[in-house]
Amino acid sequence: MSDPWQECMDHCIAVTRKAGEMIREALKKDISVMQKSSPVDLVTETDQKVEALIISTIREKYPSHSFIGEESVATGSSSILTENPTWIIDPIDGTTNFVHRFPFVSVSIGFTVKKEIEFGVVYSCVEDKMYTARRGKGAFCNGEPIKVSGQKDITKSVVLTEINFKENLDHFKTMMCNIQNILTIPVHGIRCPGSAAVNMCLVACGSADAYYHIGIHCWDMAGGAAIVTEAGGVIMDITGCPFDLMSRRLITASSRPIAEQIARQIQQFPCGRDDEESS
Amino acid sequence: MADLWQDAMDHAVAIARKAGAVIRDHLQGEMTVMCKSSPADLVTATDQKVEELIMASIMEKFPTHSLIGEESVSAGQPCILTDNPTWIIDPLDGTTNFIHRFPFVAVSIGFAVNKELEFGVVYSCIEDKMYTGKRGKGAFCNGKQLQVSGQTDIKQSLIITELGSSRDAEVVRHIFSSMQKILCIPVHGIRCAGSAAINMCLVAAGAAEAYYEIGIHCWDISAGAVIVSEAGGVLMDVEGGPLDLMSRRVVAANSKSVAERIVKEIEAFPAERDDVSEAGSA
């Protein structure tokens, strides 16, 4: 029986590669930066151009499909996930890294049908690493199979997260407290590379044992979620409950014991949901 | 006038490349991990083997020179910098990254004469990036000249630091306090990549505006210091004075203004100097 979504995935990989080339070209020139929700929430013309390219290319081939794209949502498009085949797009994950030319910058695309992730593609374009995963078919980096580290002992693990300024002081303090709690378990180390999608791929290929984050978006996670799961990892909500793509938070890890240990250590703070109606 | 130390630098580049190949090779195999000063201060047989390889190679060609190497010092060798030409070696900077196959692992070789750094070589071996800097001759990565970022507005800057290998509650408290104050300036973000030598090269390459840390060693920063400086950056102590290679502390930045602003927020804490004598005199 043929795979109904393989053609979509092949198309996705091709457009993602083109998007990555556009980003690499933009890195050679001056980058002008705008702010979105705060002085540390950045966007550039390249984010917008790349998203427009991806959506128009896909829409030409699949006019009935739906889209949730970071920059479209920023200008008022809906971010409600329906049963319709849906492309969930982050044109540049790691915009701050892009602005600074810090090496972790990716294009992330997750594809859902009936609200279930069918495949994910994450292209870490400065490194030229194309991560892909089709549900039930394994995860790959540049065509080579990848798998999680398998580490079950948190005291031998490297954990990824991000350290961001937050205007809400309570949220900021909780974020810092969480990092401190994890560090002093103790773990081997904490790394903050700056791109959620790349972080998930680093867990998927065994270079890190866990990644957790409160405050990201569905477009940051949709591509990586398939890749980590197909690489043998686990993904869950920060409370230990099942993963919720619209919840703006996740823990992903090489094993359930590590994920659960992290869930026990971290406290939540409100981060909204991607499918909240805006007031 | 012939360049006195070019020969030594060419040798450093060649041996760093060889060492990097050994490290890449060992990434595929089993690793035995040992702890040094804490459960997060790790060392492997590869660290030791690579240091032996580098030192043997240098001693054969430059038998009168002095050597300071991380693993030799761990095994009891003194860590005193004299006027003699001295190679300051970290055979594997980012051992935790190496163990986890996280992509930032480097060989770092700095060279000092009359206690002044003459050149530095940092080979980021998984990325295959050879960073070099020679006093007065610029800094390069794979032959391409490096220039620090021109960003002087601290609120538009990206800062690199590390959470370190100490799990002592007081030390951790100071580290988090500094980080918190810097984040709230606010800066664009903080990154933690796991290798001091590579962090310094990222500043030299313009990928971040500053890197600071307390707790590193002279072998982590001696090569990177030349590379940053030759790329147009500045080096400073965490309390604002000149960089002291043996002090266990560093600020490397694209500009004096960014460095000084960071220094204002850093909460210093004690770290035993690298050149403390065995007699333990102050």
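Colleague: What makes β10 and β11 of chain A partner strands, and are they parallel or antiparallel?

Modeller: Strands count as paired if DSSP finds at least two bridges between them. Three bridges join β10 (residues 158–160) of chain A to β11(A), so the two are paired, and they run parallel. At one of these positions, the bridge partner of A:Val159 is A:Ile190 in β11(A). A strand here is a DSSP run of E, at least two residues long, and a helix is a run of H or I of at least four, both numbered from the N terminus. The model is predicted, and local features need pLDDT of at least 70, with side-chain atom pairs counted only at pLDDT 80 or more. Residues are numbered from 1 along each chain as its sequence is written, and chains are lettered from A in the order in which they are written.

Colleague: Why are β11 and β13 of chain A said to stand at the edges of the sheet?

Modeller: The order of the open, mixed sheet is β11-β10-β12-β14-β13 (chain A). β11 (189–191) and β13 (234–236) each have a single partner strand, so one side of each is left without a neighbour in the sheet.

Colleague: How do you know that the radius of gyration of chain B agrees with a compact globule?

Modeller: The radius is taken over C-alpha atoms, and the globule rule is 2.2 Å times the number of residues to the power 0.38. For 282 residues a compact globule would be near 19 Å; chain B has 18 Å, which agrees.

Colleague: What share of the residues in chain B is called buried?

Modeller: Buried means under 20% relative accessible area (1.4 Å probe, protein chains only). Of the 282 residues in chain B, 59% are buried.

Note on methods
Heavy atoms only, no water. Buried < 20%, exposed > 50% of the residue type's maximum accessible area, 1.4 Å probe, protein only.
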